[in-house]
Amino acid sequence: MSENGLTAAQSKMRDAGVAEQAIDVFSHYYKALEDGATGLIPEDTIEPLTEVDSIDDVEISDEQAREALSKTVLIKLNGGLGTSMGMDRAKSLLPVRDGKSFLDLLVDQVMAARKRYGVELPLIFMNSFRTREDTLAALAGHPGIAVDGLPLDFLQNREPKLRADDLTPVTWEADPSLEWCPPGHGDIYTALVASGVLDALIERGFRYAMTSNSDNLGAAPSARLAGWFAASGAPYAPEMCRRTPADVKGGHLAVRKSDSRIILRDTAQTPADEMHYFTDQFRHPFFHTNNLWFDLVVLRDTLIERKGILGLPLIKNAKTVDPADSSSTPVLQLETAMGAAVEAFEGATAVEVPRSRFLPVKTTNDLLLLRSDTYEVDEDGLLQMVPEKACTVSLDPSAYKKIKDFEARFPKGAPSVKDATSLTVEGDWTFGADVVATGDAHVTTEGAPGEIPDGTRL
């Protein structure tokens, strides 16, 4: 029955115009699933990676840095809709500072780096079929950002969701678009080839790619990191940050015992009864930022050698066809992680970077912090933290989880939190203007729902 499932899935992808390279990769993972692959990486098969070179200790001349940046392209992963925050369009279009969106600030960062270093520095987005139209419309408002001969985006591939019971492509007449899913951001390598963007970049003389999530404004263009990567001669390198007790979810690198290769292990690849190892900040002291550097030429040559399949570990994601309806048909999504490519390249390495290069927005807690006086935006579009340490924000999810509800409760902007250690809000409160939080500020449910008046000190 599963052989019929693969054939049906391949036909469905061809009928939808999916690139043949992506169909080959999907077929590879389908067969791995049939063979019983779980994607799990038990603790006894790895050694923790406990030492990583720090970018702060590297000596790179200004000319080395500029020369490397002149051969670098910035690729932003932009396929996410921010559905966990109730959004229905690209999360990068969400306003974050002074009316500017993530996308606007990314463009500011790139334009500033181009001016400072005198380089082309293309900015290219990997969009999904759900984010492309809105993103390109927003980019039309930045006419100077395009580089002649290169597109502003390429499309992430898509694949059918598979019924969990028989591995055939699921049918969902209520909303046929829900029959499809992206193959995880590990698809970037296949999509770069299938779109023709990889060849176009190499033909134009670009050698290095710096890739990160579009909701991470800390991952700005860095001539110093470009210079380090070029000088290292490595084909591939992720940026790592030192873990704190708050970093229990981020994947980490480890050394596989069987072949001494550096590998990435994410939460979904950790056996449930071994999560205490995964979350131990002393056992696994660095987390993976999903900021990556890779050599475009080595990527092209490796994909040619492997017939288009890097062989990244499978991530088997069990969901329902309609994520908002837990009673809908159970499905499996076959995914790979972009950072897992670290094991595909001989000589791959890693580098420790400052925490300032990791500022993702996954929840409205993160968004409030980003909009607050914790940060200032400098002339290069970079976010600079004002206090020595950022406040920990915890907003009641029943009132603040969705962006629409969040916006309604902060109509006059974020409160001041630069002098606060933490801000915890329980219950439903609407904040007035010029509210100031200091120390460990705590708003309880007593009196909720209600309003916090202008000028209140918490």
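## Nonpolar cores and overall form

In this predicted model, the largest nonpolar core has 69 residues, of which Leu217, Leu370, Leu395, Tyr400, Leu423, Val425 and Phe431 touch the most other members; such a core is a set of buried Ala, Val, Leu, Ile, Met, Phe, Trp, Tyr and Cys residues joined through side-chain atoms within 4.5 Å, where buried means under 20% relative accessible area with a 1.4 Å probe, protein chains only. Helix H4 (residues 102-117) gives the largest share of this core, seven residues, helices being DSSP runs of H or I of at least four residues and strands runs of E of at least two. Because domain 1 (10-357) and domain 2 (364-452) both contribute residues, this core lies between them; the bounds come from an automatic or database domain assignment.

Leaving aside residues up to four places away in sequence, Leu370 touches Val96, Arg97, Phe102, Leu217, Val361, Tyr375 and Leu383, a contact being heavy atoms within 4.5 Å. Another core, of 62 residues, lies apart from the largest one and includes Ala209, Leu253, Ile262 and Ala348.

The protein chain has the following elements and dimensions.

| Property | Value |
|---|---|
| Secondary structure | 13 helices and 24 strands |
| Span of the C-alpha trace along its principal axes | about 65 × 60 × 50 Å |
| Residues that count as buried | 53% of 458 residues |

Residues are numbered from 1 along each chain as its sequence is written. Local features need pLDDT of at least 70 and side-chain atom pairs pLDDT 80 or more, while totals for chains, interfaces and linings use all residues, and side-chain values use heavy atoms, without hydrogens and water.

Terms used
Buried < 20%, exposed > 50% of the residue type's maximum accessible area, 1.4 Å probe, protein only.
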